[in-house]
There are 2 protein chains.
Amino acid sequence: MKIGFIGFGEVASTISKKLLDNNVNVLSSINGRSDKTKKLAKNSGIDLVNSFEDVALSSDILISTVSPFEALEISKKYGVLTNGIFLDLNNISPKTTLEIFDFFKGINETKSSNFIKGSIIGKISSKNQIIYLSGENSNDLLLLKDYGLNIKVIGSNITDASYIKMIRSIYSKSLTAVTYEAFKISESFNMGDEFFEVLSITEGKDFEIQAKSRIKSLKNSHERKYEEMSEILKFLENIQSSNDFKDNNMIKATQNKFKEIK
Amino acid sequence: MKIGFIGFGEVASTISKKLLDNNVNVLSSINGRSDKTKKLAKNSGIDLVNSFEDVALSSDILISTVSPFEALEISKKYGVLTNGIFLDLNNISPKTTLEIFDFFKGINETKSSNFIKGSIIGKISSKNQIIYLSGENSNDLLLLKDYGLNIKVIGSNITDASYIKMIRSIYSKSLTAVTYEAFKISESFNMGDEFFEVLSITEGKDFEIQAKSRIKSLKNSHERKYEEMSEILKFLENIQSSNDFKDNNMIKATQNKFKEIK
């Protein structure tokens, strides 16, 4: 079996290591990619072919690990070429997932059934990471379990894996905003240290490490996080009835919180 | 040494059990209290005297465990009578704590130095519960450690223990609102179960139990929690400069969230 990657960053490199250890043929191309990607791919020990067209045409499973912004374009350009399964592992919204699905459906039913959405929950490098899959033929990818990947199928509905990722993002980013605000208030009372101490009593001994990491994460990423929350809100408000709008209080406050950070 | 309680609910009953086990004389009065309190006090094995006046006059340490609403009145009425330490263990705001302190200060310096504010963090019945103390003479109560109580002195500033409790309340209630909102959104996608499953991967295996308990806790207490958030906001806005108002985003959203729950 041959598994091909379009894009070869940290995710592809980590997954391909496991696949190579299990004697799977892995291929990619470094044509036109960044120096960093080129180096990562060359050091990985995978087969490098001339172009992504070649990768797509020779793969039984083609995996897209590029970026949210490139995901749609890559699907249209290379996902369409493969005769096997096309798996998108990018962090894209349910809306973009559906756009890709509709594009394949416009070609034929086989293309859309063979399109599978995957969402990586947890750090790709960590032990307790899980790749959630959705799409009509997602059970076909359960064989990846035999090659060292932690796979779970949620359902046949193509958008399910994107929803999972979005739900996690909503919770996790709102919790970051809560932690940040409560800590800043504590600091204003000269009780920054006590904040971590007191909450560790009830929230567990990992609280301090996790909370500090959440607070620190905002330093350089609050603008990107603000944009992510805005995208999520826009998406939710489009699918919710007007009566439900008031239910997004915490997400809206999180969005505003990220905007105010200097 | 004699330790007296004004009010005898769950907190006083749990603490007095530990004190009695360590051969401390414990006393209270059930005059005019509820049937529930009378039963609890009678079964506890403590000394019951005729009135709270008698409790106050005979105690080396007088502990107030009534309710936030009664705390100020009890302090004025009985706290003032004792010649020993007066410890308030009620969940009162920094503002009420200061009111009590100022009242004692108006009498004399000894009264205000002997007033100590205590905040119980964690369930009173749990093992990892800590009683935080603040006030000029709070070190005098460190001897309670020898009688089985988990005591920590934060500082000599009388309001510190109230701030600690408030900070914890801000974090904990905002997290409840975040959990509730993210869960409701998940449910609207028919992904209620997946919400707990997916977040347990990154938030730890206790996540599901804790999250369900937070969500359930809102069912009957969202109105009380709304009022608590309103009190906290009012207090914060009074002490913060007008430029800081925007910093209470998450608390405001939490307040609104609790109001909307039906």
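These legends go with close-up views of a predicted model.

**View 1. Where chain A meets chain B.** Start with the contact itself: chain A puts in 51 residues, and chain B puts in 51 residues. Together the two chains bury about 4,600 Å², and 69% of that area sits on carbon and sulfur atoms. On the chain A side, the residues that lose the most area to chain B are Tyr171(A), Ile201(A) and Met250(A), which together make up 16% of what that side buries.

View 2. The rule picks out five salt bridges between chain A and chain B. One of them pairs Glu197(A) with Lys152(B), with the closest N and O atoms 3.5 Å apart.

**View 3. The elements on the chain A side.** Two strands of chain A, S7 (130-134) and S8 (151-155), each give two or more residues to the side that touches chain B, and so do helices H7 (160-188), H8 (192-203), H9 (207-239) and H10 (249-260). Which helix gives the most? That would be H7(A), with 17 residues. Sorted by class, the chain A side comes out as 27 nonpolar, 11 polar and 13 charged residues.

**View 4. Phe52(A) against Tyr78(A).** Searching the whole structure turns up 28 aromatic pairs over all chains. Phe52(A) belongs to helix H3 (residues 52-58) and Tyr78(A) to helix H4 (residues 71-79), both of chain A, so the pair ties together parts 26 residues apart in sequence. Are these two residues buried or exposed? Both Phe52(A) and Tyr78(A) are buried.

**View 5. Phe86(A) against Phe104(A).** The ring centres of Phe86(A) and Phe104(A) are 5.7 Å apart and their planes stand at 70°, so this pair counts as edge-to-face. The strand partner is Phe86(A), in S5 (residues 85-88) of chain A, and the helix partner is Phe104(A), in H5 (residues 94-107) of chain A, so the pair links parts 18 residues apart in sequence. Phe86(A) is buried, at a relative accessible area of 2%, and Phe104(A) is buried too, at 1%.

View 6. Ring pairs join Tyr171(A) to a set of chain B residues, namely Phe183(B), Phe195(B), Phe196(B) and Phe207(B), in a cluster. Tyr171(A) was also among the residues of chain A that lose the most area to chain B.

**View 7. Around Thr176(B).** Thr176(B) sits in helix H7 (residues 160-188) of chain B, where it is buried with a relative accessible area of 4%. Setting aside neighbours within four places in sequence, Thr176(B) touches Arg214(B), Ser217(B), Leu218(B) and Phe258(B). Ser186(B) is 10 residues away from Thr176(B) in sequence and 15 Å away in space, C-alpha to C-alpha.

**View 8. Around Ser64(B).** Look for Ser64(B) in strand S4 (residues 61-64) of chain B. Ser64(B) is buried, with a relative accessible area of 0%. Its side chain makes a polar contact of 3.0 Å with the side chain of Asn90(B). Beyond neighbours within four places in sequence, the residues in contact with Ser64(B) include Ile6(B), Ile74(B), Phe86(B) and Leu87(B), along with Asp88(B), Leu89(B) and Asn90(B).

Key
Residues are numbered from 1 along each chain as its sequence is written. Chains are lettered from A and ligands numbered from 1 in the order in which they are written. This is a predicted model: local features need pLDDT of at least 70, side-chain atom pairs count only at pLDDT 80 or more; totals for chains, interfaces and linings use all residues. Side-chain values use heavy atoms; hydrogens and water are left out. Contact means heavy atoms within 4.5 Å. Buried area is the accessible area (1.4 Å probe) that two parts lose on being put together, summed over both. A salt bridge is a side-chain nitrogen of Lys or Arg within 4 Å of a carboxyl oxygen of Asp or Glu. Helices (H or I, at least four residues) and strands (E, at least two) are DSSP runs, numbered from the N terminus. Ala, Val, Leu, Ile, Met, Phe, Trp, Tyr, Cys and Pro count as nonpolar, Asp, Glu, Lys and Arg as charged, and the others, Gly among them, as polar. Rings of Phe, Tyr and Trp (its six-membered ring) pair if their centres lie within 6.5 Å; planes under 30 degrees apart count as stacked, over 60 as edge-to-face and the rest as tilted. Buried means under 20% relative accessible area, exposed over 50%, partly exposed in between (1.4 Å probe, protein chains only). A polar contact is a pair of N or O atoms within 3.5 Å; within protein, one must be able to donate a hydrogen and the other to accept it, and residues adjacent in sequence count only if both atoms are side-chain atoms.
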